[in-house]
Amino acid sequence: MVATMRRAHPSNDPVDLEAALRPAWVDVDLEALEHNLGAIRQRLGDLSGAKCMAVVKADAYGHGAVGVSRVLEAAGVDWLGVALLEEGAEIRRAGVQLPILVLGTARPAKISLYRRYRLTPTVSSLTELALWCEWTAGCRGARQAIHLKVDTGMGRLGVQLAEVPAALEMIRRHPHLQLAGLLSHFAEADDLESPRNALQEQRFAGVVELLTEAERRGAVLHMANSAAALHRPGSRYDLVRLGLAIYGLDPVEAGGEPLFPVMSVRARIVQLREVPAGTPVSYGGRTVVPRRSHIAVVPVGYADGYAWRLTGKAEALVRGVRVPIAGSVTMDMTLLDVTDTGAELGDEVVLLGRQGAEEITAVELAHHAGTISWEILCHLGLRLPRRYVRAGTVEELVSRFSREDA
Ligand SMILES: *Cc1c(COP(=O)(O)O)cnc(C)c1O
């Protein structure tokens, strides 16, 4: 592979490992990750003290939660956000010290695990709150910190507006719970024109009014995701929750300090054949090459998140030029029509990312697959090995193979 190898992690040596893996991988550009955090901070500008939470749920949107969390901790992010208890536990076990908020529904039955891994739960309904009251009643030591989520218009999780006074009363009366945060979530912050955004902000402001002075000082207030953080200054409060933007995708293209995609997906040509005009390729035989063609096989398929629905639509980069997919994307492999490119066996192909002057973005793939870029990133991170790269050097390779296996 082009990158030089550093033997910084002898127990997980990329040199030995790469030889054992199929030649297909995700590159995670650590400099882009750090750049994006800085660029976002710069764009927020007069942030007046709002802190940054990096949302690292779903294995950091496919980039690897542990690797990404470590880098962002070193880069000075203030909080991490995950969807699940077990996601938080994995990051904590890896030695990350930052406060971690579990954004999904809290399971009081697992209170001992929240404590063991020092995770903060989000409480999203009166029923859940009652359970937390019950479960913490007998607890000794420090009060259990919770963040209370209010539904201001997303219609998913959160205490209803009318229930907020009752929720606050329950927390006030309970000696073992501490209101450490109050949050809400936008439904369409990436649509700058939507009147719902202002409505949600007004509602949240109304909820904040219900807090006493002391509660307001003791609680972290937050409601902004990437799009709102960047485009709705009134929604920033004490903390912004950055997902997509950290990974280098602008939820709303509106200029400013650029963000750089952190993920790219690369593979090598493992088979190359010349076929006569009229040859059917891949499953179903729906695709028949119209001329003498060079068909390349790359070992990435829909089981790697390269969606079957990209069939007949997406392009890849070979030798700096765009080439079309030939026939259906299969579970583990995809065929490319590389006729007239001069491509050879072993050439590096880019399915997502940059090669020369060309770039294939997650937005482009999402468009072809009829989905959103968030889903493209999460899925591509599912099975492919991941290389953490800085300045052309692979710092770490994470795969299902360890050095011992190789
Ligand atoms: C996923 C998530 C985010 C991050 O959203 P982006 O649009 O990726 O920035 C923020 N807050 C909550 C509650 C989330 O679930």
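Predicted model: local features only at pLDDT ≥ 70, side-chain atom pairs only at ≥ 80, totals over all residues.

Residues are numbered from 1 along each chain as its sequence is written, and side-chain values use heavy atoms, with hydrogens and water left out.

Around the ligand there are 13 residues, of which K57, Y61, S226, R241 and L244 come nearest (a residue is near if one of its heavy atoms lies within 4 Å). By class, this shell holds 5 nonpolar, 4 polar and 4 charged residues, with Ala, Val, Leu, Ile, Met, Phe, Trp, Tyr, Cys and Pro counted as nonpolar, Asp, Glu, Lys and Arg as charged, and the others, Gly among them, as polar.

The side chain of Y61 places an N or O atom 2.6 Å from a ligand oxygen, and a polar side-chain atom of R241 is 2.8 Å from a ligand nitrogen. From the backbone of G243, a polar atom lies 3.0 Å from an oxygen of the ligand. The protein buries 92% of the 390 Å² that the ligand exposes when taken alone (Shrake-Rupley method, 1.4 Å probe).

Across the whole structure there are 3 aromatic pairs (ring centres within 6.5 Å; planes under 30 degrees apart are stacked, over 60 edge-to-face, the rest tilted; for Trp the six-membered ring is used). One of them, Y114 with W132, is edge-to-face, at 5.5 Å centre to centre and 80° between the planes.

Technical notes. Polar contact = N/O pair within 3.5 Å; in protein donor to acceptor, adjacent residues only side chain to side chain.
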